[in-house]
Amino acid sequence: MLDEPVNDQEFRRGVRLLLEAGADVAPRMPDELRDLFEELRYAMCGVTVR
């Protein structure tokens, strides 16, 4: 998938699925993992966190 940067639709779909599935458990994640999860969520919205 990473070899085809022109068509990242499938990658984005996978990330959205991960974010949707992890939303319920995110509050119980260890701090570092939760921060990375939130950063990914914001990145999908086009927001730079750092």
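A salt bridge is taken here as a side-chain nitrogen of Lys or Arg within 4 Å of a carboxyl oxygen of Asp or Glu. By that criterion, the side chains of Arg41 and Glu38 meet in a salt bridge, with 2.6 Å from N to O. The model is a predicted one, in which local features need pLDDT of at least 70 and side-chain atom pairs count only at pLDDT 80 or more, while totals for chains, interfaces and linings use all residues. Residues are numbered from 1 along each chain as its sequence is written, and side-chain values use heavy atoms, with hydrogens and water left out.

The protein chain has two helices and zero strands, where helices (H or I, at least four residues) and strands (E, at least two) are DSSP runs numbered from the N terminus. Helix α2 covers residues 31–44, which is 14 residues, and reaches 20 Å from its first C-alpha to its last, close to the 20 Å expected at 1.5 Å a residue; the expected span is 1.5 Å times one less than the number of residues. Just after α2, Gly46 takes a positive phi of about 85°.

A search of the whole structure finds two salt bridges, and they are set out below.

| Salt bridge | N to O distance |
|---|---|
| Asp31 and Arg34 | 2.6 Å |
| Arg41 and Glu38 | 2.6 Å |

Asp31 and Arg34 both belong to helix α2 and are three residues apart, about one turn of the helix. Arg41 and Glu38 also lie in helix α2, three residues apart, again about one turn. An α-helix has 3.6 residues a turn, so residues three or four places apart point the same way.

Arg41 lies over the face of Tyr42, at 4.8 Å from the ring centre.

For the chain as a whole, buried residues make up 12% of the 50 residues. The accessible surface, from the Shrake-Rupley method with a 1.4 Å probe and, for residues, only the protein chains shown as cover, comes to about 4,400 Å², of which 55% belongs to carbon and sulfur atoms.

Note on methods:
A charge sits over a ring if NZ of Lys or CZ of Arg is within 6 Å of the ring centre and within 35 degrees of the ring normal. Buried means under 20% relative accessible area, exposed over 50%, partly exposed in between (1.4 Å probe, protein chains only).
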